[in-house]
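This report goes through one structure step by step. Please keep the sequence and the 3D view at hand while reading.

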Number of protein chains: 2
Amino acid sequence: MTSESTRPLILVTNDDGITAPGIRNLVESIVDLGDVVVVAPDSHQSGMGHAITISNILRMSPHDFGMPGVQAYKTTGTPVDCVKLAIYKILDRKPDVLVSGINHGSNASINVIYSGTMSAAVEGALEGIPSVGFSLCDFAEDADFSASRNVARTVTQKVLKHGTPTGTCLNVNIPKVAPEKLQGIKVCRQGAGHWADSFEEREAPGGRTYYWMTGNFTDVDKGEDTDEWALKHGYVSVVPVQYDMTAHHAMTELNQWDLNGER
Amino acid sequence: MTSESTRPLILVTNDDGITAPGIRNLVESIVDLGDVVVVAPDSHQSGMGHAITISNILRMSPHDFGMPGVQAYKTTGTPVDCVKLAIYKILDRKPDVLVSGINHGSNASINVIYSGTMSAAVEGALEGIPSVGFSLCDFAEDADFSASRNVARTVTQKVLKHGTPTGTCLNVNIPKVAPEKLQGIKVCRQGAGHWADSFEEREAPGGRTYYWMTGNFTDVDKGEDTDEWALKHGYVSVVPVQYDMTAHHAMTELNQWDLNGER
């Protein structure tokens with residue numbers, strides 16, 4: 001993509017696929033803030049985490065997003081593949097901001113780690129691009145994105161102005177409430193939680209067994225400074241997410257193990 | 001799986017697939033330390049990150065690992081799926097340790113984030129299981145695992161004794177050197193780095209374009225306390241990895257943005 005524009009370059013992606021209502025709402029909410037390029041999966045890629053396609057081929061083609069001035073490409077890849085394709089194949093300058101979403105469903109607490117939406121934002125951040133993932137706590141295809149649109153616009157404007165703190169991207173989750181019921185925006189930490197999974201066993205025509213994964217999210221964190229707390233109390237949660245996964249506080253403990261000495 | 005055993009229960013997985021030499025070497029190095037159950041992908045799942053299978057079905061079946069006393073299952077899922085299947089479907093008690101690998105290729109620095117091997121260990125950790133991922137810095141199918149075997153045994157024994165620091169798993173990388181050339185084991189932080197990718201364009205029979213992702217790892221970290229430094233100097237690197245991705249230090253900066261006030 002060749003461009004002489006001096007307007008901010010905004011890269012948009014998601015994990016629900018390029019035809020999802022969430023990405024359309026995201027683009028509509030920020031389209032006047034700069035030059036918008038969409039590079040998104042051609043199909044649903046939820047739960048893909050930070051997966052990349054290294055054992056198979058990728059395809060990519062222009063896509064008519066149906067919005068004047070918006071360039072769009074769909075790819076067969078994961079959300080992280082989309083970010084890499086955008087940076088290293090499609091764009092001729094570095095985006096000023098990357099926005100991912102708006103995801104259909106929460107990416108708060110431990111969900112950040114499974115989320116293709118957030119992994120795309122993490123990938124942008126480690127490429128040095130101020131990056132944000134937006135998620136609405138509503139899985140419905142016809143979810144009401146009006147509050148999310150306001151939030152996406154506000155946060156994108158802030159990020160265009162301030163950048164993001166070094167080594168981070170932002171995980172923004174919006175509760176399922178009407179715009180006038182929103183309590184505000186809260187900076188939070190990632191709440192502790194995990195999924196208690198179960199595997200529903202079924203029989204295919206022919207008799208072979210297969211499984212569907214289902215699960216219940218278990219919130220084990222009683223803190224009032226978490227994203228889960230904020231969302232339950234009507235606030236938008238903003239968590240700064242880092243890709244340095246080192247547990248620096250644990251290094252001292254490990255050094256006491258005498259790893260090079262007696263077993 | 002029903003067991004009356006009081007020996008430690010050792011869950012083994014990987015991302016190179018259940019028939020990879022790396023997982024065989026791992027099992028051989030620790031098989032006498034407890035009851036070993038292998039649950040691993042039936043095919044290559046490198047670069048799958050923390051992907052889970054929620055939009056498709058899973059299959060799972062017993063697998064003859066060819067080693068007395070070792071129970072094994074292969075699945076169509078990702079490494080993280082394997083851990084979930086093991087915990088919530090196959091095992092009737094919580095593993096005392098989860099070991100993942102031995103991966104064919106480095107998972108040091110930012111590779112931790114793309115790695116199925118390490119994502120399996122992270123998933124184990126967030127289920128409360130002391131978990132370790134092992135990777136040998138050698139992609140070759142016929143790589144020499146003898147140094148890695150010693151390391152895997154030592155670290156697994158230490159983890160059975162001490163557990164892991166709260167909220168962490170261990171990312172253990174082994175340099176490509178002969179056992180007698182190993183300089184020792186070093187506790188490190190994750191080095192800063194990223195992949196400069198390129199997309200090789202090819203034409204399929206019929207004329208349609210497709211792409212292969214390739215990349216060069218770019219080490220931008222000059223520190224001598226990183227995993228990359230340790231590996232380059234002949235040491236085994238051990239990085240404690242946490243799944244709380246909150247950049248706690250960045251919360252103050254974000255709170256100064258006045259997210260609820262003027263745009």
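Through which surface do the copies meet? The model is a predicted one, and the sections below begin with this question.

## How the two chains meet

Of the interface residues of chain B, 100% are also interface residues in chain A, so the copies meet through the same surface. The contact takes 66 residues from chain A and 66 residues from chain B. On the side of chain B that touches chain A, at least two residues each come from α2 (79-90), α3, α4 (146-162), β8 (184-187), β9 (193-203), β10 (209-219), β11 (235-242) and α6 (251-255) of chain B. The largest share of that side, five residues, is supplied by β11(B). Sorted by class, the side of chain B that touches chain A holds 34 nonpolar, 22 polar and ten charged residues.

Chain B is superposed on chain A by a rotation of 180° with 0.0 Å of shift along its axis, and the RMSD is 0.0 Å. The two copies are therefore related as by a two-fold rotation axis.

## The sheet of chain B

In chain B, nine strands form an open sheet, and their order is β3-β4-β2-β1-β5-β6-β7-β11-β8. The pairing in this sheet is mixed. Its edge strands are β3 (60-62) and β8 of chain B, each of which pairs on one side only. On average, neighbouring strands of the sheet are turned by 20° against each other, direction ignored.

One of the pairs is formed by β8(B) and β11(B), which run in the parallel sense and share four bridges. Gly184(B) stands opposite Tyr235(B) in β11(B).

## Backbone details

A cis peptide bond links Gly101(A) to Ile102(A), with omega near -15°. Ile102(A) is part of strand β5 (residues 97-104) of chain A. In chain B, the peptide bond from Gly101(B) to Ile102(B) is cis, with omega near -15°, and Ile102(B) lies in strand β5 (residues 97-104) of chain B.

Asp258(A) has a positive phi of about 55° although it is not a glycine, and Asp258(A) sits in the segment after α6 (251-255) of chain A. Ser109(B), which is not a glycine either, has a positive phi of about 50°. Ser109(B) is found in the loop between β5 and α3 (116-126) of chain B.

Is Ser109(B) buried or exposed? Ser109(B) has 27 other C-beta atoms within 10 Å, so Ser109(B) is buried. Asp258(A) counts as exposed because Asp258(A) has 10 C-beta neighbours inside 10 Å.

Methods. Residues numbered from 1 in each chain as written. Chains lettered and ligands numbered in written order. Predicted model: local features only at pLDDT ≥ 70, side-chain atom pairs only at ≥ 80, totals over all residues. Buried ≥ 20, exposed ≤ 12 C-beta atoms within 10 Å, placed from the backbone. Contact = placed C-beta atoms within 7 Å. Nonpolar A, V, L, I, M, F, W, Y, C, P; charged D, E, K, R; others polar. Least-squares fit on C-alpha atoms with pLDDT ≥ 70 in both. Pairing = 2+ DSSP bridges. Axes fitted to C-alpha atoms, helices over the stretch in contact; angles between N-to-C directions.
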